[in-house]
Every structure is written in C-alpha cells, then in structure tokens.
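Colleague: I am new to this structure and would like to learn how to read its features. Could we take them one at a time?

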Amino acid sequence: MDFNGKTIIVTGAGKGIGREIARMLVERGAQVVALTRSASDVDLLQAEPGCRAIQVDLADANATREAAISALPADFLVNCAGTTELQPFLDTTVEAFDRLVAVNTRAPMIVAQEYARFLIKEGRKGAIVNVSSVASFIGIPDHAAYCASKGGLDGLTRVMAKELGPQGIRANGVHPTVTLTPMAVKAWSDPDKAAGMKQRIPVGRFAEPSDIADVVLFLLSDQAAMVNGISMPVDGGFMIA
Ligand code: NDP
C-alpha cells in the first residue's frame with residue numbers, strides 16, 4: 001500500500017497501536033499529523049521525519065476541536081487514541097464513565113466532524129478508521145465504562161458511514177483483541193486473567209500493534225474502496241470461539 005503524498009491524522013500516535021500505525025504510514029510515504037497528550041511523545045514524534053505532532057488532551061472538547069482544525073488539511077483520519085480505567089460495574093463512577101466517553105467516543109466524533117467538513121468543503125474524498133475494541137461486542141468484567149464507550153463509537157462509525165458515504169468518505173471500525181501495548185499492561189497484567197483470555201483466542205496469542213496497523217492501513221487504502229461501515233475484529237478468532 002502506497003500513501004505517497006497523503007497526509008493522515010492519527011490520534012494517540014504517541015504510544016502503542018497509534019505509534020505503529022504512524023510508523024507504518026510514514027514508511028509508506030505518508031505525512032502523519034499526530035494528535036497526542038504526553039509532551040515527551042510529542043517531542044519524539046516531532047523529531048521523526050514525516051511527522052508533525054500536536055499536543056492535546058482529547059478529554060477536553062474545545063481543545064480537541066481546535067487541534068483537529070489545526071491538523072488540516074488531511075487525506076485520511078485514524079481515531080486511535082483511547083483510554084481505560086478498571087472498575088466493577090457496581091463501583092463504576094460517574095467521573096470515570098464521563099472521562100472514558102470523552103476520550104473514546106466524543107473526541108473521535110469531534111475530530112471526524114472537522115475532518116469531514118474540510119473534505120466536503122474541498123470536494124475531496126477520504127476515509128476514516130475508528131479503533132474500537134472487541135469490548136464493544138462482549139461484556140468484559142471491570143470494563144463497563146470502556147465497553148459502553150466503544151459501543152458508542154461503533155454507533156458513530158455506522159452513522160458516519162451512512163451520512164458521509166454519499167460524499168465519498170468511508171468510515172470503518174477496527175476491533176482489536178488484547179494487543180501488547182502500554183494499555184494492555186494496565187488491563188491484563190493479572191496472569192490468571194490474561195491466561196483465560198488467551199485461551200479463548202484460537203491463534204493462541206495476543207495481537208502485536210503491527211497486526212492492527214496492517215488492517216487499519218488496508219481500510220484507509222483504495223484497495224478497500226467498497227468497504228464502508230464495517231466493524232472488523234482483529235482478534236485471532238476470539239469472536240467465534
Ligand atoms: P496506549 O495506552 O498504549 O496508547 C494510547 C495513546 O492514546 C497514547 O499515545 C495516549 O497518550 C493517547 N491518549 C490517551 N488518552 C488521551 C487523551 N486524553 N488525550 C490525548 N491522547 C490520549 O493504548 P493502545 O495503543 O493499546 O490503544 C490504542 C487504541 O486501541 C485505543 O483506542 C484502545 O481502546 C484500542 N484497543 C486496545 C487494545 C489493547 O489491548 N491494547 C484492545 C482493544 C482496543 P498518553 O499516553 O500521552 O496519554
């Protein structure tokens with residue numbers, strides 16, 4: 001897949017899956033505009049050829065809109081930033097719920113709005129990939145707010161696919177299983193819990209960031225020109241197990 005001459009916004013490009021997506025895109029000729037939070041990651045990304053980094057806290061709606069506008073012009077968008085906090089359902093706090101929905105659901109909506117408005121105004125086509133999770137399909141204990149936030153993101157993806165498709169902008173969701181990144185360490189460091197999860201993945205391993213990035217790049221590319229509105233698990237068969 002060739003992304004020469006294309007500019008691609010990648011949220012959460014500071015670490016994990018987003019970092020790998022950005023790396024692979026640059027390797028294939030793209031210019032990446034990274035929207036991420038930690039200053040140290042912003043500095044590292046800025047120093048990399050093919051990368052421009054904008055520091056933003058995606059939990060802040062106004063700052064997110066401002067950052068999205070300053071990331072333009074762009075050809076494609078990957079909403080990859082996400083966060084989690086582990087709480088049993090009965091102990092899920094309103095504050096944590098709001099934080100997760102702000103970052104995992106509302107921020108992708110805001111960034112996609114600004115990106116799509118720009119394309120429509122310019123009469124250009126494009127593609128959006130929203131990084132969701134298998135957690136939007138199933139109930140994972142201690143992940144109530146996370147599951148809800150990703151379910152909400154899937155709803156947005158489907159509506160974007162219907163409303164933006166006629167304007168030449170495709171929108172698809174990618175649903176990783178446990179992927180070996182800093183977030184996975186936070187959620188799956190208990191060896192018993194991790195072993196139980198791995199047992200349910202027919203290919204017998206957790207995903208690597210590159211497994212997810214490969215699928216994201218395909219969905220952005222012209223090879224996926226007729227793919228719109230799907231929720232694609234990247235889960236080694238977890239969903240059928
Ligand atoms: P990481 O925690 O490794 O990286 C997440 C990135 O998003 C970081 O660069 C982080 O920046 C950024 N980010 C998080 N919150 C904010 C915020 N408020 N404002 C700006 N940037 C923010 O996560 P992963 O790479 O593992 O996850 C990427 C996506 O994949 C997420 O949407 C996640 O839900 C999804 N996913 C991950 C799975 C996994 O097992 N890893 C499984 C299924 C889905 P900073 O560190 O500076 O806060």
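Colleague: Which residue's side chain does S221 join in a polar contact of 3.2 Å?

Modeller: Bear in mind that this is a predicted model. The side chain of S221 meets that of Q223 in this polar contact, at 3.2 Å. A polar atom of the S221 side chain also lies 2.7 Å from the backbone oxygen of F218.

Colleague: Where is S221 found in the chain?

Modeller: S221 sits in the loop between α8 (209-220) and β7 (231-234). Leaving out residues up to four places away in sequence, S221 touches M1, F3 and R170.

Colleague: Is S221 buried or exposed, and why?

Modeller: The cut-off for buried is under 20% relative accessible area. S221 counts as buried because its relative accessibility is 5%.

Colleague: Now the strands. How should I read the faces of strand β4?

Modeller: In a regular strand, side chains alternate between the two faces of the sheet. Here, β4 covers residues 76-79, with F76 and V78 on one side and L77 and N79 on the other. All four of these residues are buried, so both faces of β4 are covered.

Colleague: Which strands pair with β4, and in what sense?

Modeller: Strand β1 (residues 7-11) pairs with β4 in the parallel sense, over 3 bridges. In that pairing, V10 stands opposite V78 of β4. Strand β5 (residues 126-131) also pairs with β4 in the parallel sense, over 4 bridges. There, N79 has N130 of β5 as its bridge partner.

Colleague: Through which helix does the chain cross from β4 to β5?

Modeller: The chain passes through helix α4 (residues 94-122) on its way from β4 to β5. This β-α-β crossover is right-handed.

Colleague: Let us finish with the ligand. How many residues surround the ligand, and which are the closest?

Modeller: The ligand is surrounded by 29 residues, and the closest are K15, R37, S38, Y146 and T181.

Colleague: What lies 2.7 Å from an oxygen atom of the ligand?

Modeller: An N or O atom in the side chain of K15 lies at that distance. For T36, a polar side-chain atom is 3.2 Å from an oxygen atom of the ligand. With M183 the backbone takes part: one of its N or O atoms is 3.5 Å from an oxygen atom of the ligand.

Colleague: How much of the ligand's accessible area does the protein cover?

Modeller: On its own the ligand has 880 Å² of accessible area, and the protein covers 93% of this.

Definitions and conventions
Residues numbered from 1 in each chain as written. Predicted model: local features only at pLDDT ≥ 70, side-chain atom pairs only at ≥ 80, totals over all residues. Heavy atoms only, no water. Buried < 20%, exposed > 50% of the residue type's maximum accessible area, 1.4 Å probe, protein only. Helix = DSSP H or I, 4+ residues; strand = E, 2+ residues; numbered from the N terminus. Pairing = 2+ DSSP bridges. Right-handed = clockwise from strand over helix to strand, strands pointing away. Near = heavy atom within 4 Å. Polar contact = N/O pair within 3.5 Å; in protein donor to acceptor, adjacent residues only side chain to side chain. Areas by Shrake-Rupley, 256 points an atom, 1.4 Å probe, with all protein chains shown as cover. Contact = heavy atoms within 4.5 Å.
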